[in-house]
Number of protein chains: 2
Amino acid sequence: MAELARAFAPATVGNVAVGFDILGFAVKEIGDIVSVKKISEPQNIKIEKITGASGIPTDPKKNTATVGLIRLAKDFNLPFGFSVSIEKGIPLSSGMGGSAASAVAAVVAANALLPKPLDETALFSYALDGESLASGSMHGDNLAPALLGGLVLVQSVKPFEFVQIPVPKNIICVLVHPHIEIETRTARKILKKDVSLKEHVHQSSLLAGFISGCFLNDKAVISRSLKDHLIEPQRSSLIPGFTEAQSAALNSGAFGCSISGAGPTVFAWTDSRSSGEKIADNMKRAFQKNGTEKVDSWISPIRTEGAALI
Amino acid sequence: MAELARAFAPATVGNVAVGFDILGFAVKEIGDIVSVKKISEPQNIKIEKITGASGIPTDPKKNTATVGLIRLAKDFNLPFGFSVSIEKGIPLSSGMGGSAASAVAAVVAANALLPKPLDETALFSYALDGESLASGSMHGDNLAPALLGGLVLVQSVKPFEFVQIPVPKNIICVLVHPHIEIETRTARKILKKDVSLKEHVHQSSLLAGFISGCFLNDKAVISRSLKDHLIEPQRSSLIPGFTEAQSAALNSGAFGCSISGAGPTVFAWTDSRSSGEKIADNMKRAFQKNGTEKVDSWISPIRTEGAALI
């Protein structure tokens, strides 16, 4: 049996404008890597090293990558422990599913060291511990695509019930990250507890249209549906320049543009790399005009493969 | 040019548990027929005869079949009028889309008498006048499937934006109509104006799952999704025996069972006629045990064709 395993899990865009807490997709170019090494102390989980970001908790009970491994080691009464090294490729508190990616990469790596590997449902459940720790909420819209790849609808986290939605052809995702700090917990707190029935009906029709557009590979239906009238108006004020960046994206050929997860990263969908570059440039400029100097961007296809050993 | 036309429009199930106001499907066995005859008085719309039901307004301005024709005749400055006969096949106030069927059949018949026939969008718009008159609300979940057939997602009524959702193979719909009178307006009035964000997220995940299940032709996904946690709990008290009838349906092999439109008719989905018969019998018995003697039922495939001239 292996003594050491290393896994990659991709960055993900949660909510996807239409599916608050239930819809997410994985991107190709960015992700976290977690290495897990067997150590002799039974059920001892320790963090050896964290690179690529600072300020992440080094207490295994408080770290999103390791908290699930603590329960896993106990549940299976493992006669060994894990020493964990985390390489953050996803910027912290960016809204790109960093905590989900670390949690997923850790369980996927640890799984390779178990006598009997676990199935997706079990892996999801242990990774969920990390995500809940980070966000204070049980949602799977980042976890599921980080684990499985593609565009995933999460109907339930306990039990894990999901549907893989077909990714439309040639979709290119633009991610633009203005360096403003937003804590996921804060972004959740500001949300109204209630939605009017009218808003519910309207937002539902956008979600159902978007899902249909993906199955039909119909860009007209996707474009008219990929809109968030519910959460985005409440959160956009946390991101100076959001409205201008969104307009810039839509005027540069994006099918849709909204906040990635809790933000501040903003995502847009288009259908070519050249259009993606134009969108990224114009969005960046909009954020900079509105006072955020440091802005990063990525242009990436959807990653259809899930987290994987490397 | 023809002087007389006659059209059939099917009964429809609105809401379909998961898509309040935005989702509906047509059934094969029941519908309304409207005959329209040209008369010489320009833009005069009159009602000649109504059969199959009593108590329907005979004033053309107050009748769901004719109100759209009044606007149509004006909009096109028609040099003739229409005399309209309505054959109600759909029981009144049953929740089976009777007003939508009459409105659609009337515009489809009248359309055949126009110098230049209108497209679907225009027909929908005139039929919408009738539906709004009947329900006091602008929703297209009965109109769209009555006009187009199949299972239809209505994203917007003005402009008319819709998606035809594939009907899963071998679906049989059971309709059970306990003879209790519920006015659509009353059924709308009792609804809470707000939905909690949590309920919104949960009901959205059911809608998205149901749509996905239909595209995937996956009965397991359809079964776990075809549920209404939002509207049904508020309306079921208007239908004595609903809970018992629903349990009877689910225990007899239904994939899902909920209120058809505003009720009192209850629909269930299954995949064979024999299962449909068992479900219908057990639901009928449940309603009768709960005090409603007169209960009708139908077992019907989904009608994939729209309204049609006959």
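## Exposure and the predicted model

A residue is called buried when its relative accessible area is under 20%, exposed when that area is over 50%, and partly exposed in between. Arg71(A), with a relative accessible area of 28%, is therefore partly exposed. The structure discussed here is a predicted model, and every value below is computed from it.

## Overall form of chain A

Chain A is built from 10 helices and 12 strands, and its C-alpha atoms fill a box of roughly 60 × 40 × 40 Å when this is taken along the principal axes. Its radius of gyration is 19 Å, which agrees with the value near 19 Å that a compact globule of 310 residues would have.

Of the 310 residues in chain A, 61% are buried. When contacts in chain A between residues at least 6 apart in sequence are considered, 74% of them join residues at least 24 apart.

## How the two chains are related

Chain B is superposed on chain A by a rotation of 180° with 0.0 Å of shift along its axis, and the RMSD of this superposition is 0.0 Å. The two copies are thus related as by a two-fold rotation axis. Of the interface residues of chain B, 100% are also interface residues in chain A, so the copies meet through the same surface.

One salt bridge between the chains pairs the side chains of Glu161(B) and Arg224(A), at 4.0 Å from N to O. Because Glu161(B) belongs to strand 6 (residues 161-165) of chain B and Arg224(A) to helix 7 (residues 219-225) of chain A, this pair joins two chains. Both partners are described as partly exposed, Glu161(B) at 26% relative accessibility and Arg224(A) with a relative accessible area of 21%.

## Salt bridges within chain A

Side chains of opposite charge can pair when their charged atoms come close. Over all chains, a search of the whole structure finds 23 salt bridges. In one of these, the side chains of Asp32(A) and Lys88(A) meet at 2.5 Å, N to O. Asp32(A) lies in strand 2 (residues 23-39) of chain A, whereas Lys88(A) lies in the loop between strand 4 (81-87) and helix 2 (98-111) of chain A, so the pair ties together parts that are 56 residues apart in sequence. Both Asp32(A) and Lys88(A) are buried.

Another salt bridge brings together the side chains of Arg71(A) and Asp129(A), at 2.6 Å from N to O. Since Arg71(A) is in helix 1 (residues 67-75) of chain A and Asp129(A) is in helix 3 (residues 120-135) of chain A, the pair ties together parts that are 58 residues apart in sequence. Arg71(A) and Asp129(A) also belong, with Asp75(A), to a network of salt bridges.

## Aromatic rings and neighbouring charges

For Phe25(B) and Phe267(B), the ring centres are 5.8 Å apart and the planes stand at 70°, so the pair is edge-to-face. This pair links distant parts of the chain, with Phe25(B) in strand 2 (residues 23-39) of chain B and Phe267(B) in strand 10 (residues 266-270) of chain B, 242 residues apart. Phe25(B) and Phe267(B) are both buried.

In chain A, ring pairs link Phe25(A), Phe210(A), Phe267(A) and Trp269(A) into a cluster. A charge also sits over a ring in each chain: the charged end of Lys38(A) is 4.4 Å from the centre of the ring of Phe80(A), and the charged end of Lys38(B) is 4.4 Å from the centre of the ring of Phe80(B).

Methods: Residues numbered from 1 in each chain as written. Chains lettered and ligands numbered in written order. Predicted model: local features only at pLDDT ≥ 70, side-chain atom pairs only at ≥ 80, totals over all residues. Heavy atoms only, no water. Phe/Tyr/Trp six-rings, centres within 6.5 Å; stacked < 30°, edge-to-face > 60°. Helix = DSSP H or I, 4+ residues; strand = E, 2+ residues; numbered from the N terminus. Buried < 20%, exposed > 50% of the residue type's maximum accessible area, 1.4 Å probe, protein only. Lys NZ or Arg CZ within 6 Å of the ring centre and 35° of its normal. Least-squares fit on C-alpha atoms with pLDDT ≥ 70 in both. Contact = heavy atoms within 4.5 Å. Rg over C-alpha atoms; globule rule 2.2 N^0.38 Å.
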